Amino acid sequence: KRRAEKTEVAEPPNSLPHAAPSLPTKPALYSGPFPFYRRPSELGCFSLDSQRQYHGDARALRYYSPPPTNGPGLNFDLRDGYPDRYHPRDEEVREGLDHLLRWLLEHRDQLEGGPGWLAGAVVTWRGHLTKLLITPYEQQEGWQLAASRFQGTLYLSEVETPAARAQRLARPPLLRQLMYMGYKFEQYMCADKPGGSPDPSGEVNTNVAFCSVLRSRLGSYPLLFSGEVDCMAPRAASTQPPTCYVELKTSKELHSPGQWRAFYRHKLLKWWAQSFLPGIPHVVAGFRNPEGFVRSLRTFPTMEMFEHVRNDRHGWSPSVCVNFCAAFLSFAQSTVVQDDPRLVHLFSWEPGGPVTVSVHRDAPYAFLPTWYVEAMTA
Ligand code: 0WD
Ligand code: CA
């Protein structure tokens, strides 16, 4: 068994001294014990409004407000308001890490962890770390992560792959509607004020977001990342973030044991990875029928999701996911040596292969904005 702390870097054979290093992704290579993952703590938050404008506060935070009964009577029409009350975010706007960088710039003098903490940290979106966690099991979609080192800190920002872009531009109408339905479910489940009631009559505007900024550490790698949070439970066992947060999901109604098995193997892996990272303890799922109505809810505690695949030969393992992520961070830390915000190491991965690296300077891959670099240098 390989140790979790070891970097899974394939050394170039002696005959090819200049072969670029790569990182394998097969699950069997990462089956060691679960590595250390620091209990995530919230450093702060920010909100994006209906115009996608940044505000350094929690104005976009919503409150978990499920219907009084989960059973007969529950009937959320997820297609209601589509497309006339839908204001989707402009996906052509490439935001990169910008909103998170703005938060960081405004809070860099108040960061805990002592002087120099940020210089040793990895800064990224939670969603990028989720993709890393599930990589050993992903068989469909590859990814590209751009990495730059600046004042010691390693910044990771996703680059849309050509395949993902093509898929997005050719997104079938039914898939567009399905995306809307996920947001519509949030509207049925959330109130704007603690103790308030949901108002599904308004429009669904996906520019609006509440993002939590978290600190954690994976093995020896300090992490600062931000993730979009759906809502907070005002009467949760703990009112302290991130344990009061609730992640909302929708899924097709499941009937046969085979359908549940597939759900545990694929969907629950993604749900687990996404909520494990920020330490969000509960995922509440709405199950929709073929007509798009949610008729039942089920709460999945994040820390119990693995139990559904523990005895499944084709299941997933949290330690494989987290060991791979640690190996990637080690690989990235040792690959991106030069401190230069205009230099980008592009890590690319396609299912079935290893993670490979290419090096680029300035446009189109450089992602640390001039306003950020200049303000941090001043
Ligand atoms: O520009 C990009 N390539 C991306 C931007 C990719 C991923 C996220 N984002 C934005 C999000 O809009 C959000 O403001 O970054 C911020 C933080 O995202 P995250 O929490 O790191 O991302 P992730 O965990 O992948 O997604 C969380 C939620 C999603 O909920 P579900 O239940 O579907 O996982 O953020 C939303 C979505 O509600 N979301 C997006 N909203 C608008 N545009 C997008 C997107 N591209 N991706 C995720
Ligand atoms: Ca969600």
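Predicted model: local features only at pLDDT ≥ 70, side-chain atom pairs only at ≥ 80, totals over all residues.
**View 1. Arginine 52 and its positive phi.** At a relative accessible area of 17%, arginine 52 falls under that cut-off, so this residue counts as buried. Look for arginine 52 in the loop between β1 (41-48) and β2 (54-55). Its phi is positive, about 65 degrees, even though arginine 52 is not a glycine. For context, most residues other than glycine have a negative phi, and most peptide bonds are trans.

**View 2. Glutamine 151, another non-glycine with a positive phi.** Here phi is near 50 degrees. Glutamine 151 sits in the loop between β7 and β8. Is glutamine 151 buried or partly exposed? With a relative accessible area of 36%, glutamine 151 is partly exposed.

View 3. The bond from tyrosine 82 to proline 83 is cis, with omega near 0 degrees. Proline 83 belongs to the loop between β4 (76-77) and β5 (86-87). The other panel shows proline 241 and proline 242, also joined by a cis peptide bond, with omega about 0 degrees. Proline 242 is placed in the loop between β13 and β14.

**View 4. Helix α2 (residues 126-134) under cover.** This helix is mostly covered, with seven of its nine residues buried. The buried ones are Arg126, His128, Leu129, Thr130, Leu132, Leu133 and Ile134. What lies over them? The cover includes the strands β6 (122-125), β7 (143-150), β8 (153-159) and β12, along with the helices α5 (257-276) and α6 (318-335).

**View 5. Inside the second largest pocket.** The pocket holds about 580 Å³ of space. Its lining runs to 25 residues, and Arg62, Gln187, Asp192, Glu203 and Val208 are the ones nearest the centre. By class, the lining has 11 nonpolar, six polar and eight charged residues. Which element gives the largest share of the lining? That is α4, with three residues.

**View 6. Cysteines without disulfides.** How many disulfides does a search of the whole structure find? The count is zero. Cysteine 45 is in no disulfide, and the nearest cysteine sulfur, that of cysteine 211, is 9.3 Å away. Cysteine 45 is buried, with a relative accessible area of 17%. For cysteine 190, the nearest cysteine sulfur is that of cysteine 231, 3.9 Å away, and again cysteine 190 is in no disulfide. Why is that pair left out? A disulfide needs the two cysteine sulfur atoms within 2.5 Å, and the sulfur of cysteine 231 is 3.9 Å from that of cysteine 190. Cysteine 190 is buried, with a relative accessible area of 5%.

Methods: Residues numbered from 1 in each chain as written. Chains lettered and ligands numbered in written order. Heavy atoms only, no water. Buried < 20%, exposed > 50% of the residue type's maximum accessible area, 1.4 Å probe, protein only. Helix = DSSP H or I, 4+ residues; strand = E, 2+ residues; numbered from the N terminus. Contact = heavy atoms within 4.5 Å. 1 Å grid on protein atoms, 1.4 Å probe; cavity = no way out; pocket = protein on both sides within 12 Å on 5 of 7 lines; lining within 4 Å. Points joined across faces, edges and corners; volume = space filled by probe spheres on them. Nonpolar A, V, L, I, M, F, W, Y, C, P; charged D, E, K, R; others polar.
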